[in-house]
Structures are given as C-alpha cells and as structure tokens.
Amino acid sequence: MSGKMNMESRTGRENQRFGTKGERLVAGVVPLSADKTRVLLIQSTRRGGWVLPKGGWELDEETAAEAACREAWEEAGVICTVEADLGHIPDTRPTSALTQNAPKASYQFFECIVKEEKPEWPEMGKRKRQWVSYTEAVKALDPRPELLEALKLSSIKRS
C-alpha cells in the first residue's frame, strides 16, 4: 500500500472471496518488529481479547498478501512489508460455533515487518493495539488456535 492511506474500513461481505467448499477466504498478518522480538496484537471488536489483524480477501484484491496488508492498515494502523507466506491454516471451530456472521473460513497468514505505525487509522476508535513478546502473545492468542498457529509458524524470536 502506497500513496494516500484510506481512512475508511471496508465493511460488508458482498465483495468477499469464497473457496471451492463455500468457506470464506481470510487473509491475516503476523506483524513483527524489525528485530523480530515483538508482535503487534489488536483488540478484538467482538470478544475484547487480543488477536492478529485479519479479514476477508476481497474480489478486487489480486493476492491474499494484498488483502492482509490492507487489514493490517485498517485494523492496526501499520504499514508493513510481507516477509513470508505462512501458508493456509484450517478453521478448527466446531460446527456448533459457526454462525452466519462467522461462517467456516480458510485462513492464509503472512509474516510481515512493520515499517510504519501511524497515529491515526481507520479502526482506531474500535481497537487498541499493543506490542508484546512471543510468550505474552501465546497466552493472548490461546483461545484462537488458528491465530496461535500463525504466530508459531512465524520467525518471531522465542525468548
């Protein structure tokens, strides 16, 4: 993402990409500090806990990496550079946990290095952000196995 940053978050699912089994395609980032000692977490708007930036890969985005970087901007207010594709992570929620607002998903995460952290961003009124160590992130992401898996696949320093 370059040039002027859009201060509007995308909403709605009309431009959402879906996989061959009807699953929602979700792109996310593991946003690391330049020295890879810390990861940036954001507050979940639904549960109040801490999560990694992620969201739907939309039809006008050529790649999942592009979608992931847009989500990092909208949700965390960071400009980042993709370092690695961490691959696809399955949705392990039981069928009973799926809803119309939270259908089955297929996650694709990318390890990114944060280049800039802006003081204002589209979802700053809805979310806080915080830099944490690997150990702190493991505890915070424990309720979300797909996010924890993405963290563990990254090259963050585990000290």
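# Reading cysteines, cores and contacts

Analyst: Let us open with a cysteine: the sulfur of C69 is 4.1 Å from the closest cysteine sulfur, which belongs to C80, and this is too far for a bond. The structure is a predicted model, in which local features need pLDDT of at least 70 and side-chain atom pairs count only at pLDDT 80 or more, while totals for chains, interfaces and linings use all residues. Residues are numbered from 1 along each chain as its sequence is written, and side-chain values use heavy atoms, with hydrogens and water left out.

User: How many disulfides does a search of the whole structure find?

Analyst: In general, a disulfide is a covalent bond between the sulfur atoms of two cysteines. The cut-off applied here is a pair of cysteine sulfur atoms within 2.5 Å. The search of the whole structure finds 0. C112 also has its closest cysteine sulfur in C80, at 3.9 Å, so this pair is too far apart for a bond as well.

User: Are C69 and C112 buried or exposed?

Analyst: Burial is judged by relative accessible area: buried is under 20%, exposed is over 50%, and partly exposed lies in between (1.4 Å probe, protein chains only). C69 counts as buried at 12% relative accessibility, and C112 counts as buried at 0%. In the protein, buried residues make up 47% of the 159 residues.

User: Which pattern does the protein follow along the sequence?

Analyst: Helices (H or I, at least four residues) and strands (E, at least two) are DSSP runs, numbered from the N terminus. The protein has 3 helices and 7 strands, and their order is β-β-β-β-α-β-β-β-α-α.

User: What is the largest nonpolar core, and which residues have the most contacts inside it?

Analyst: A nonpolar core is a set of buried Ala, Val, Leu, Ile, Met, Phe, Trp, Tyr and Cys residues joined through side-chain atoms within 4.5 Å. Here the largest such core has 40 residues, and V30, V39, L41, L52, F109, L141 and L151 have the most contacts inside it. Among the elements that give two or more residues to this core are β1 (24-32), β5 (78-90), β6 (105-117) and α2 (134-141).

User: With which residues is L151 in contact, leaving aside its neighbours within four places in sequence?

Analyst: Contact means heavy atoms within 4.5 Å. By that rule L151 is in contact with V30, V39, Y134, A137, V138, L141, I156 and R158.

User: Which residues of α2 are buried?

Analyst: The buried residues in α2 include Y134, A137 and L141. They cover an arc of only 60 degrees around the axis, so they are on the same side of α2; the arc is that of the directions from the helix axis to the C-beta atoms. The buried residues of α2 pack against β2, β3 (50-51), β7 (129-132) and α3.

User: How many aromatic pairs does a search of the whole structure find?

Analyst: Rings of Phe, Tyr and Trp (its six-membered ring) pair if their centres lie within 6.5 Å; planes under 30 degrees apart count as stacked, over 60 as edge-to-face and the rest as tilted. The search finds 1 pair. The rings of Y107 and F109 have centres 6.3 Å apart and planes at 25 degrees, so the pair is stacked. Both residues, Y107 and F109, are buried.

User: Where does E75 lie, and which residues does E75 touch?

Analyst: E75 lies in helix α1 and counts as buried, at 8% relative accessibility. Not counting residues up to four places away in sequence, E75 touches I42, L52, P53, K54, W121, E123 and R127. M124 is 49 residues from E75 in sequence and 7.4 Å away in space, C-alpha to C-alpha. M124 is found in the loop between β6 and β7 and counts as partly exposed, at 39% relative accessibility.

User: What is the phi of K36?

Analyst: Most residues other than glycine have a negative phi. K36 has a positive phi of about 60 degrees although it is not a glycine. The place of K36 is in the loop between β1 and β2, and K36 is partly exposed, with a relative accessible area of 22%.
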